[in-house]
Amino acid sequence: MMMDEDVEQASLLSFNDRPRAFPNMRSKTYSPLIFRILRKLNIRVLSIILLICFGGIFYMGARTSPIILFVFTVCIISFLLSLYLTKWVLAKDEGPPEMVQISDAIRDGAEGFFRTQYSTISKMAILLAFVILCIYLFRNLTPQQEAAGLGRAMSAYITVAAFLLGALCSGIAGYVGMWVSVRANVRVSSAARRSAREALQIAVRAGGFSALVVVGMAVIGIAILYSTFYVWLGVDDSPGSMSVNDLPLLLVGYGFGASFVALFAQLGGGIYTKGADVGADLVGKVEQGIPEDDPRNPAVIADLVGDNVGDCAARGADLFESIAAEIISAMILGGTMAKKCKIEDPSGFILFPLVVHSFDLVISSIGILSIKGTRNASVKSPVEDPMAVLQKGYSLTIILAILTFGASTRWLLYTEQAPSAWFSFALCGLVGIITAYAFVWISKYYTDYKHEPVRTLALASSTGHGTNIIAGVSLGLESTALPVLVISVAIISAYWLGNTSGLVDENGIPTGGLFGTAVATMGMLSTAAYVLTMDMFGPIADNAGGIVEMSQQPESVREITDLLDAVGNTTKATTKGFAIGSAALASFLLFSAYMDEVSAFANVSFKEVDIAIPEVFVGGLLGSMLIFLFSAWACAAVGRTAQEVVNEVRRQFIERPGIMEYKEKPDYSRCVAIVASAALREMIKPGALAIASPIVVGLVFRILGYYTGQPLLGAKVVASMLMFATVCGILMALFLNTAGGAWDNAKKYIETGALGGKGSEAHKAAVTGDTVGDPFKDTAGPSIHVLIKMLATITLVMAPVFL
């Protein structure tokens with residue numbers, strides 16, 4: 001891609017004489033306290049500590065189940081592989097000094113914001129943990145918990161410990177995502193000077209490191225918690241002890257902690273990245289006519305920092321929370337079904353989700369390693385479409401997922417009561433895998449500029465800004481249809497396959513339907529590590545392109561990073577489609593688990609919710625309203641932050657006219673500070689709305705039900721709220737994610753030279769559409785994924801309060 005001619009003419013200095021030094025955001029890099037402590041330890045002491053930890057983990061695993069031992073082994077091997085990938089990526093060269101300086105500025109800005117953001121989140125988590133402790137000390141217990149001698153205090157401490165562990169692990173998942181991206185970006189930039197394929201391989205392996213750690217931590221965290229409770233509470237079949245079927249209910253705090261951190265990480269990171277991006281584009285591209293990521297734009301470093309804290313750190317926490325919520329809900333449903341069917345050894349049904357995700361680590365590792373670099377390092381032009389390369393790896397992962405899923409069902413879900421049940425559940429898993437592939441394809445169709453929808457949107461830009469916005473909104477609305485049809489077919493198919501599996505209760509009623517949908521959800525998430533790898537690839541490639549532009553590398557290098565960036569936009573959009581599809585299935589499971597939990601605590605049947613009851617219908621309206629209000633506040637937060645950035649960038653251009661002629665350096669750190677403080681301030685209100693709404697609604701209608709003689713009214717209204725919010729949230733997230741991704745790639749398509757290319761009127765209209773789509777696809781949309789699952793985990797944790 002060639003830079004604008006008028007921009008070239010505005011450069012008064014030759015290429016070699018332009019200033020290339022970029023200030024650091026802080027005087028020294030930051031690393032979390034735990035890492036600083038570990039670095040100071042003697043290697044022998046550290047080795048002994050690790051051996052003791054591993055010994056304790058395997059001891060608890062051996063006391064619990066051979067299945068848990070298998071899970072621990074696979075997770076630890078995947079962590080070792082992730083260390084190999086890290087070493088491989090970090091061994092690559094960082095390029096010339098100007099690239100390193102820019103990368104250091106991005107790294108310092110990202111780590112500084114991460115420290116401040118997660119410090120704020122941790123304080124809120126501790127406050128909420130105290131609230132949960134107080135509530136649980138005065139709540140009711142299930143008859144099973146009372147029979148097992150599990151007192152209120154013990155139940156409260158277990159839930160709070162699980163909540164804090166889930167929050168901690170979610171925070172670490174976010175840090176890992178950010179840590180690798182700020183170190184891989186400059187190495188991808190450097191590799192792009194030699195070969196497109198090498199740059200692609202580094203970005204994929206860096207994303208693979210993060211994905212393996214995130215998925216591995218979600219699995220091993222739940223496995224450790226489960227085995228700890230199993231050993232500590234003395235779970236067995238003897239009278240007076242806790243049943244293994246009831247054990248998963250103690251894990252709900254873990255899912256809530258993960259959801260809590262993920263929501264604020266996604267909100268704060270999304271507001272940061274899009275506030276900076278919109279502000280940089282509006283003044284830089286539209287008003288000044290300079291290219292994206294131009295070093296003269298004072299907001300460019302803040303924009304590149306935002307890619308890491310918004311896309312990498314937040315998405316790591318998001319997928320961690322998705323997997324944790326899905327595993328816990330499936331374990332609860334597996335335990336409930338095993339109890340109803342009186343299965344002698346229910347451990348296979350309960351631990352099945354952990355095994356599926358253990359195999360996910362194995363097959364995704366194979367998919368990641370299948371992407372090789374080119375042997376000819378002198379090749380500078382892309383010989384192969386990066387999307388085609390990633391698709392080959394995904395197809396290989398899908399094939400392996402089908403094989404391992406079938407083997408897992410035969411191993412764990414075979415029972416003498418229904419010898420063919422395992423095959424029915426294997427088909428449920430196949431339904432989930434096909435659903436995942438369909439979601440990825442649909443998202444790609446609506447957001448990749450190789451397909452008609454984005455090209456039609458780009459064509460609408462040639463007639464003005466208004467037609468671009470109209471076309472983008474209509475594309476987003478249309479894009480909700482196919483995913484809803486796919487998810488509807490998936491839920492009904494999986495429920496029917498589960499119901500016909502042959503598993504029946506003591507009255508002969510089929511009971512496998514809900515567990516069938518749980519297995520389908522596991523099938524959909526059975527390639528989660530590879531999908532997260534593709535997602536992480538996007539922001540790393542985007543950052544690499546920014547570093548290449550700011551360090552003013554030759555145009556051929558920028559062409560390679562532009563190609564990777566366009567593919568990265570598509571992979572991010574497909575991952576969001578995948579995430580909302582899995583969120584839809586997981587939320588259905590969590591809703592079912594909530595109804596089971598209410599039944600257990602109230603000791604009465606709670607199988608359906610009648611929306612003809614006025615109060616219950618009002619709960620549904622409130623749930624729908626919550627999605628719209630939350631989205632509005634998230635988008636408005638980006639708008640206010642972008643206004644601050646626009647004013648600051650305009651001020652610098654007016655007060656420092658030498659910036660445009662490369663005679664003065666912009667004050668990058670000022671924009672970073674503005675965006676960071678605004679993001680931290682703005683994330684509180686929508687986050688507090690999401691957490692407080694179901695609790696307040698449940699308590700208000702519980703009191704109303706008490707005085708009007710309607711038992712369980714609070715639980716019913718919350719169930720309705722959860723149901724409507726899930727349905728509305730799925731549609732809203734699909735619309736926001738797809739419209740935003742399509743606007744972005746319509747702009748990228750025009751920047752390839754189509755419809756007049758960069759600087760044309762069509763390009764300016766496309767930039768306007770992109771700025772509208774930014775808060776859609778990177779702030780409000782992804783936050784709704786987390787919101788609908790967090791609503792479900794809150795209701796699971798707080799269910800006793802509504803009774």
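**Buried residues, cysteines and salt bridges** 

Q: At 8% relative accessibility, does Ser 65 count as buried or exposed?
A: Ser 65 has a relative accessibility of 8%. Buried means under 20% relative accessible area, exposed over 50%, and partly exposed in between (1.4 Å probe, protein chains only). Ser 65 therefore counts as buried.

Q: What are the ground rules for these values?
A: This is a predicted model, in which local features need pLDDT of at least 70 and side-chain atom pairs count only at pLDDT 80 or more, while totals for chains, interfaces and linings use all residues. Residues are numbered from 1 along each chain as its sequence is written, and side-chain values use heavy atoms, leaving out hydrogens and water.

Q: Which residue has its backbone nitrogen 3.1 Å from a polar atom of the Ser 65 side chain?
A: Ser 65 sits in the loop between helix H3 (43-64) and helix H4 (66-90). Helices are DSSP runs (H or I, at least four residues), numbered from the N terminus. The backbone nitrogen lying 3.1 Å from a polar atom of the Ser 65 side chain belongs to Ile 67.

Q: How many disulfides does a search of the whole structure find?
A: A disulfide is a pair of cysteine sulfur atoms within 2.5 Å. The sulfur of Cys 341 is 14 Å from the closest cysteine sulfur, in Cys 428, so it is too far for a bond. The sulfur of Cys 635 is likewise too far, because its closest cysteine sulfur, in Cys 728, is 14 Å away. For the whole structure, the number of disulfides found is zero.

Q: How far apart are the closest N and O atoms in the salt bridge of Asp 277 with Lys 274?
A: A salt bridge is a side-chain nitrogen of Lys or Arg within 4 Å of a carboxyl oxygen of Asp or Glu. Asp 277 and Lys 274 are three residues apart in helix H9 (residues 252-287), so about one helical turn separates them. Asp 277 is buried at 7% relative accessible area, and Lys 274 is buried at 3%. The closest N and O atoms of the pair are apart by 2.9 Å.

Q: In the salt bridge of Glu 198 and Arg 194, which residue is partly exposed?
A: The two side chains meet at 2.9 Å, N to O. Glu 198 is buried, with a relative accessible area of 12%. At 23% relative accessibility, the partly exposed residue is Arg 194.

Q: Which residue forms a salt bridge with Glu 549?
A: In this pair the closest N and O atoms are 3.7 Å apart. The partner is Arg 558.

Terms used: Helices (H or I, at least four residues) and strands (E, at least two) are DSSP runs, numbered from the N terminus. A polar contact is a pair of N or O atoms within 3.5 Å; within protein, one must be able to donate a hydrogen and the other to accept it, and residues adjacent in sequence count only if both atoms are side-chain atoms.
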